[in-house]
Amino acid sequence: MTARLSLYRKAEQELYKLDRSVKAQFYDFCHSFRSNPDQPGLRKKKLKGDSRIYSARVSQDYRALLTRAGIDTDGAESWLVIAVRHRRDVYEELQVAVNRVTGEIEFVDLAVVGDSALRRAGITLTPSEPGPEEQAPKSAPRPEPQPSAPSLLAAYDADQLRDLGVAEQLIELALTVTTSAELDQLVESAPLLSKDVLYGLAAGMDIDEVRREITAPVELDQRPDPEDFATALARTKVTTVDDAVRAAIEEGDFRAWKVFLHPTQERIVHRHYNGPARVSGGPGTGKTIVALHRVKHLAEQLPPGHNKPILLTTFTKNLTTDLRLRLASLVEPDLLARVDIAHIDQLAARVLGENTAPGRGKQRVYDHVALNEMRQLLAELDDRRFEPEFLLEEWEQVILGQSIPTRTDYFKARRAGRGRALTRPERAHIWKLVEQFTARLDKLGVETWGQAAERAARFEIERAAKIRARRDYKDEIGGKDLIHRDDSSGMRYLGHRYRHIVVDEAQDLRPAHWKMLRAMADPDLPNDMFIAGDTHQRIYDHQVALGALGINIRGRASRLTLSYRTTKEILAQALRVVDPKNADDKITYDDLDDGTDTLAGYRSVLHGPKPDFVPYVTWDDELAGLATTLRTWREELSTDDTGASRDPSGRIAVCVADRDMVSQTMYYLETKAGITCAELTKEGPKGNGEVHVGTMHRFKGLEYQRLAIVGASDGIIPRASVIERYRTEDPPRYEREQRKARSLLFVASTRARDALTVSWHDRPSPYLPA
């Protein structure tokens with residue numbers, strides 16, 4: 001009888017780590033097993049602990065662990081490879097089961113659990129093929145009872161863990177662990193749902209939060225049959241073993257061969273939404289990869305055609321470039337051609353180009369240019385009633401943000417989050433200044449990107465209104481053809497630009513951007529907008545409430561809580577930046593609507609060294625210390641685990657507070673330390689230097705193996721000149737500036753994957769953990 005083989009996700013990870021020769025032997029094993037799973041040379045036998053698990057010989061030292069899932073329609077046996085490991089690591093107590101929540105096949109490996117936890121639970125592991133040195137059981141006999149630390153999960157019982165989806169074989173052990181280190185060992189090879197639930201509870205999430213954010217998104221409508229392995233296999237994320245994967249296995253690039261989605265992420269990606277949906281989560285939780293897979297999923301559902309009905313957009317040009325490269329690795333070229341990938345300002349410029357006569361367009365300038373013009377205007381008028389920064393933001397966020405056309409409308413405008421209230425005479429004075437300011441820009445032939453976004457939004461809203469009017473008229477006359485009417489009005493081919501819009505880094509978009517996007521997709525169609533963002537990472541002061549802009553995400557919001565990038569040690573310190581326990585007032589973050597966002601339960605499964613916090617006396621001392629750190633990192637990254645040399649360029653970065661410090665840092669490193677640098681710009685790294693250097697704003701969406709944050713001094717983070725003037729005169733504005741500065745430091749800290757060093761001279765930033 002022939003057989004069909006599939007690979008469990010953990011088996012893929014184990015294969016990737018094995019020597020190339022073992023991978024080749026595994027492929028030969030698969031070929032033999034598919035031909036005849038009962039041939040004597042495979043030495044297939046059942047384990048005593050779970051008769052549904054078989055051990056079969058891959059080589060003299062390695063074994064494949066398999067479970068049979070049933071008979072296919074063509075009569076072939078269906079088998080799942082659940083592990084590939086050395087024979088000394090195969091124990092009789094290994095177990096496989098169908099999860100009662102997800103209905104997927106789960107493999108539970110107690111061989112990686114710490115001895116102390118096994119002893120407390122009274123579990124002894126028996127080697128399946130004991131050698132002379134392996135006659136003793138893995139776990140020593142249980143010692144005499146001793147006073148012990150309380151269980152890490154003492155607040156919960158077995159029924160609660162079972163109901164949340166923790167694998168049955170892990171429940172008793174989970175209730176005995178007393179430290180985070182023991183929990184890490186327990187979940188190292190645990191099924192993903194069990195890992196998420198246990199980490200969530202240990203991180204402080206309550207039962208309801210865990211159920212809502214971890215269990216519910218992957219839960220079946222009906223309880224699965226625990227004996228129906230064939231149906232469970234169909235639900236389980238597996239890889240079919242055939243000739244197509246041979247090269248990937250033998251070349252050692254198995255992990256890169258397939259982009260993995262966590263089950264919680266996968267449910268979000270494939271869900272059908274009757275309106276706009278949002279996914280949030282801390283750095284490294286996979287929001288961007290979810291957004292990219294969502295684009296892939298939507299593209300695969302499109303009818304044949306050559307248009308681009310899907311928009312993928314984000315805030316900056318360099319992030320758009322990264323999204324394009326990553327999406328190209330996920331989808332086939334013909335599907336990629338159906339996706340319009342553009343950053344939000346590029347999209348607005350495109351709309352304006354379509355609606356502006358040739359030669360009538362204006363040059364667009366960034367906010368710092370507009371701020372200088374505002375300063376000059378106030379100086380010429382000798383007007384000191386309001387700060388130029390306040391006036392520019394009032395114009396950008398209130399007047400442009402709400403598309404306020406007249407002074408009378410401005411008198412009635414909401415100014416939520418803008419600080420102290422304004423009297424009617426003050427609003428009148430501000431309106432007059434804004435009129436003079438915009439006239440000044442118009443005379444110069446320039447406009448800000450905020451102005452451009454607001455104008456583009458108005459054009460798109462007008463376009464959407466015409467589409468709606470056409471649809472209403474057609475409904476009124478009974479759906480008759482409107483060819484003659486459309487030809488005369490120029491509306492023959494008028495329709496919404498996109499069927500689906502996917503937005504990444506949503507927290508930094510302006511209100512006008514959202515109004516433009518809302519008008520670009522038909523709100524009456526499902527799956528119209530998918531939004532990924534985290535307001536804890538908002539580094540620009542663009543406050544929005546999506547509901548007020550016609551984007552209703554209520555009931556269609558999901559939150560990711562597991563970080564796949566930042567280690568526990570780095571994450572613990574970064575969280576204290578945005579959620580300090582000793583703050584005078586609780587710092588709150590919005591949820592892109594009228595509620596608040598939280599990072600409760602946000603955690604990581606990765607481990608690494610604790611971040612280094614290093615004080616210096618002077619800025620020169622700090623730069624000298626930085627050079628020493630970078631040389632050490634460069635040397636450590638110059639060889640891989642096998643001793644082979646490798647290029648460390650692009651894996652180390654230095655993050656500073658402003659452009660002046662970028663210039664000073666690069667000059668010192670290149671002229672005095674012999675370390676080549678590449679500056680991070682809007683376009684990406686400029687130059688081929690081995691160490692990337694940039695401001696905190698430039699690190700958005702990036703990650704590095706090793707990261708140094710320098711100049712984290714009091715008065716620099718946050719800027720004393722910005723913060724102090726608002727402390728008493730405008731407390732709400734003071735709070736906003738504090739929150740924005742904390743978010744910048746939080747974003748910077750979480751760009752580090754393996755190692756983080758934070759330094760300062762004189763006094764440390766008050767945001768750094770004590």
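Select Leu192, Leu193, Ser194, Lys195, Asp196, Val197, Leu198, Tyr199, Gly200 and Leu201: these are the buried residues of helix α7, where buried means under 20% relative accessible area, exposed means over 50%, and partly exposed lies in between (1.4 Å probe, protein chains only). Helix α7 spans residues 192-202 and is mostly covered, with 10 of its 11 residues buried. Helices (H or I, at least four residues) and strands (E, at least two) are DSSP runs numbered from the N terminus. After α7 comes Gly204, which has a positive phi, near 110°.

The model is predicted: local features need pLDDT of at least 70, side-chain atom pairs count only at pLDDT 80 or more, and totals for chains, interfaces and linings use all residues. Residues are numbered from 1 along each chain as its sequence is written, and side-chain values use heavy atoms, with hydrogens and water left out.

**The whole chain**

Of its 770 residues, 53% count as buried. Contact means heavy atoms within 4.5 Å; among contacts between residues at least 6 apart in sequence, 74% join residues at least 24 apart.

Next, centre the view on Leu669: beyond its neighbours within four places in sequence, Leu669 is in contact with Leu626, Ala627, Leu630, Gly674, Ile675 and Cys677.

**Aromatic rings**

The structure holds 10 aromatic pairs. Rings of Phe, Tyr and Trp (its six-membered ring) pair if their centres lie within 6.5 Å; planes under 30 degrees apart count as stacked, over 60 as edge-to-face and the rest as tilted. Select Trp395 and Phe437, an edge-to-face pair with 5.0 Å from centre to centre and 85° between the planes. This pair links distant parts of the chain, with Trp395 in helix α18 (residues 388-400) and Phe437 in helix α20 (residues 424-444), 42 residues apart. Trp395 is buried at 2% relative accessibility, and Phe437 is buried at 0%.

Then select Phe26, Phe29, Phe33, Tyr54 and Trp79, a cluster linked by ring pairs.

**Charges over rings**

Two arginines come next. A charge sits over a ring if NZ of Lys or CZ of Arg is within 6 Å of the ring centre and within 35 degrees of the ring normal. Arg364 lies over the face of Trp449, 5.7 Å from the ring centre. The charged end of Arg427 is over the ring of Tyr410, at 5.5 Å from its centre.

**A serine and a glycine**

Is Ser563 buried or exposed? Ser563, in strand β17 (residues 562-563), is buried, at 0% relative accessibility. Its side chain reaches the backbone nitrogen of Thr566 at 3.3 Å.

By contrast, Gly555 counts as exposed, at 83% relative accessibility. Find Gly555 in the loop between β15 (529-532) and β16 (557-560). Select Arg278 as well: Gly555 and Arg278 are 277 residues apart in sequence and 9.6 Å apart in space, C-alpha to C-alpha.

**Backbone details**

Select Ile717 and Pro718, which are joined by a cis peptide bond with omega about 0°. Pro718 lies in the loop between β26 (704-709) and α27 (720-727).

Asp382, in the loop between α17 (367-381) and α18, has a positive phi of about 50° although it is not a glycine. Asn527 likewise has a positive phi, near 55°, and is a residue other than glycine. Asn527 lies in the loop between α23 (511-520) and β15, and it counts as buried at 12% relative accessibility.

**Cysteines**

For the last stop, select Cys30 and Cys655. Cys30 is buried, with a relative accessible area of 0%, and Cys655 is buried with a relative accessible area of 0%. How many disulfides are there? Taking a disulfide as a pair of cysteine sulfur atoms within 2.5 Å, the count comes to zero.

Conventions
Polar contact = N/O pair within 3.5 Å; in protein donor to acceptor, adjacent residues only side chain to side chain.
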